[in-house]
Amino acid sequence: MHRVGSAGSNGGSVRTRKEKKLTYVLNDANDTKHCAGINCLDVLKSSVSNDQSYLFTGSRDGTLKRWAFDEDATFCSATFESHVDWVNDAALAGESTLVSCSSDTTVKTWDGLSDGVCTRTLRQHSDYVTCLAVAAKNSNLVASGGLGGEVFIWDIEAALSPVTKPNDANEDSSSSNGANGPVTSLRTVGSSNNISVQSSPSHGYTPTIAKGHKESVYALAMNDTGTMLVSGGTEKVLRVWDPRTGSKSMKLRGHTDNVRVLLLDSTGRFCLSGSSDSMIRLWDLGQQRCLHTYAVHTDSVWALACTPSFSHVYSGGRDQCLYLTDLATRESVLLCTKEHPIQQLALQDNSIWVATTDSSVEKWPAEVQSPQKVFQRGGSFLAGNLSFNRARVSLEGLNPPPAYKEPSITVPGTHPIVQHEILNNKRQILTKDAAGSVKLWDITSGVVVEDYGKISFEEKKEELFEMVSIPSWFTVDTRLGCLSVHLETPQCFSAEMYSADLKVSGRPEDDKINLARETLKGLLGHWLAKKKHKPKPQVLTSGDTLSVKDTKKNLSASKAEDSSAASDPVYPPFEFSSVSPPSIITEGSQGGPWRKKITEYTGTEDEKDFPLWCLDAVLNNRLPPRENTKLSFFLHPCEGSSVQVVTLGKLSAPRILRVHKVTNYVVEKMVLDNPLDSLALDGTSVSGGQPQPLFAGNGLLQSGLKPWQKLRPSIEILCNNQVLSPDMSLATVRAYIWKKPEDLILNYRVAIAR
């Protein structure tokens with residue numbers, strides 16, 4: 001038990017750096033579906049993947065998924081998990097390299113045909129990375145742009161080549177020593193080590209930089225050969241670059257709002273742009289001018305896809321409509337309407353995949369080979385060439401019927417969580433998803449305790465209210481569409497509960513259990529198990545031999561670790577499911593943030609991967625000094641009571657101490673001249689004005705009866721003239737009964753017969 005005074009053992013020192021936090025993301029039963037909006041998609045054609053086509057999707061849930069097709073059905077064949085924030089764009093480079101970018105400021109490359117292997121993490125951007133562009137016939141070339149106004153052109157092959165010497169170990173075990181101030185950090189997920197590239201050009205790879213943007217970049221496009229790159233963003237202009245050198249060749253003005261999407265034809269002569277001004281523009285880059293403006297949408301244009309001949313464009317955006325427009329004749333037709341804004345489009349054969357802010361993806365008929373067939377269905381109109389405001393007025397009165405009513409394939413997602421409330425017990429969270437379904441989660445085991453269906457969230461919240469006060473030891477958000485629970489030291493170690501309240505068997509009832517430490521043990525249970533069985537080889541240089549003394553030392557250390565794990569098991573209330581395991585997002589001393597499922601650890605991860613405070617708590621049961629774990633109070637007889645006056649002065653006790661312990665203490669003070677230590681209050685009494693520790697024993701907890709039921713005389717404790725329940729904690733009394741900033745005042749009296 002820590003005394004409040006001991007928390008200042010560090011003197012007046014100021015922490016020089018903020019400790020890294022650990023986040024765990026709770027997954028519902030089905031991990032084969034996205035649980036947040038789809039920001040991007042791309043199709044891997046069958047010609048390069050053994051007669052099998054794949055759809056890749058990137059989501060706001062932070063993951064990418066690969067979908068395979070079986071006749072008219074689709075199924076998730078792999079999940080790519082490493083990003084720690086929204087996936088904003090994804091593109092296929094070459095035969096099977098998947099490139100993705102994220103709000104976590106990284107660009108990642110993956111083996112698209114693997115079971116989710118991230119091959120490298122490229123850390124160069126200073127802010128969210130929003131968009132990518134690839135060269136169809138130059139598979140090595142990838143450009144990335146972001147909110148920092150930065151545009152980088154990467155040679156993927158050069159970026160992926162190991163930067164270690166040929167004689168060094170393979171990339172999974174390559175050393176990161178000497179990586180002082182790296183420009184680019186390349187990390188292999190699945191390895192506990194990193195490959196870091198130094199700033200010196202001779203020691204690593206640095207991408208080409210296209211300098212010129214003063215504001216955020218939202219869109220990029222590259223021609224097939226990779227000789228021309230176009231960018232756009234909040235500056236409302238199109239900038240054209242030579243990606244080989246990063247030099248700017250021209251700037252094109254015309255849009256009156258953010259440029260949100262760009263397309264280049266294969267030669268790089270013609271460019272299509274979509275903007276928040278609701279307009280689509282066709283540019284001739286050779287003549288450096290805008291050829292046509294198409295007023296089709298009534299709101300921001302976010303997505304474009306072109307037929308191979310660049311004769312027709314499919315467009316979607318914030319108005320939730322998907323249009324097909326003939327660029328030559330200006331004829332447009334409404335293909336379909338959606339229930340959510342359209343984020344991105346991808347053509348496959350004669351169909352089009354549509355990604356929206358919803359977690360599902362749909363495939364619609366599009367007649368990509370013969371677009372005229374869509375116009376023959378009727379309902380077409382002539383796209384205007386008007387200013388933004390006039391276009392909106394003219395189109396809002398126009399209600400063309402959609403050419404198609406139903407998609408040919410729907411890949412369903414799960415509904416994202418849109419509302420949540422942490423309950424007073426600080427172990428459960430009530431959530432409501434986008435479909436109105438209400439669930440109760442237990443965050444110390446990561447499971448849905450109850451699925452209430454579509455009921456009133458507010459009514460259920462009131463129904464679940466408990467009069468209990470436990471410190472806030474975690475924070476939570478639903479940015480990824482699911483619950484992300486954040487643990488930060490030392491705040492996360494502020495909550496304790498008695499083992500009896502957690503129904504933990506094998507421990508004394510009044511043993512205090514730290515909720516954060518036990519949760520961390522549960523999260524890292526798989527890692528601990530693999531770490532325990534991992535052989536610990538000795539690395540010897542030639543000619544070295546391992547002494548008997550060293551061997552004994554290693555054996556004893558290994559045995560100590562094993563016995564420690566055996567004597568410190570994961571308790572049932574903190575066991576996480578292996579069927580739908582949560583993912584951990586954190587970072588250690590090297591390599592930056594990462595994300596991985598708790599069942600996928602290799603056992604080789606260490607302080608390079610995990611925060612040191614986390615390992616200290618789990619492996620050594622060493623917790624940081626905590627403040628406010630105790631509560632001061634006065635104990636007086638009730639006014640007018642004939643009960644014997646016990647002069648106790650000011651007391652201090654753990655916040656979680658139960659009222660019945662106070663009752664026991666009062667009785668002992670009344671009955672005995674010298675109270676037994678074994679029956680003393682689990683707190684501190686006051687002698688001479690200074691708190692002195694008194695330690696609780698188990699003397700009153702031996703039999704099956706509640707201790708306060710056995711004692712005579714029968715005493716009851718009151719606060720603000722309200723009789724307190726024996727099971728109530730001091731913290732609860734202070735929060736809900738006392739409700740004042742001053743020290744708590746409790747009164748006692750002989751129980752009144754009822």
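I'll start with some annotated repeats and then look at two residues.

So, first off, this is a predicted model. The UniProt record, an unreviewed entry, lists "repeat: WD" at residues 80-111, 122-157, 210-251 and 252-293. Let's take two of those.

Now, a residue I'd like you to find: Ser100. It's in strand S7, which runs over residues 97-102. Is Ser100 buried or exposed? Well, its relative accessibility is 0%, and the cut-off for buried is under 20%, so Ser100 counts as buried. What does the Ser100 side chain pair up with in a polar contact? That's the side chain of Trp110, at 2.9 Å. Leaving out residues up to four places away in sequence, Ser100 also touches a whole list of others, including Leu64, His83, Val87, Asp89 and Leu132. Thr106, Val107 and Lys108 are among its contacts too.

Okay, over to Asp501. Where is that one? Asp501 is in the loop between strand S39, residues 496-498, and strand S40, residues 512-514. The relative accessible area of Asp501 is 32%, which falls between the 20% and 50% cut-offs, so we call this residue partly exposed. And one distance to finish: Asp501 and Ile513 are 12 residues apart in sequence, and C-alpha to C-alpha they're 9.8 Å apart in space.

Note on methods: Residues numbered from 1 in each chain as written. Predicted model: local features only at pLDDT ≥ 70, side-chain atom pairs only at ≥ 80, totals over all residues. Heavy atoms only, no water. UniProt positions renumbered as here; feature names shortened; annotations may be inferred. Helix = DSSP H or I, 4+ residues; strand = E, 2+ residues; numbered from the N terminus. Buried < 20%, exposed > 50% of the residue type's maximum accessible area, 1.4 Å probe, protein only. Polar contact = N/O pair within 3.5 Å; in protein donor to acceptor, adjacent residues only side chain to side chain. Contact = heavy atoms within 4.5 Å.
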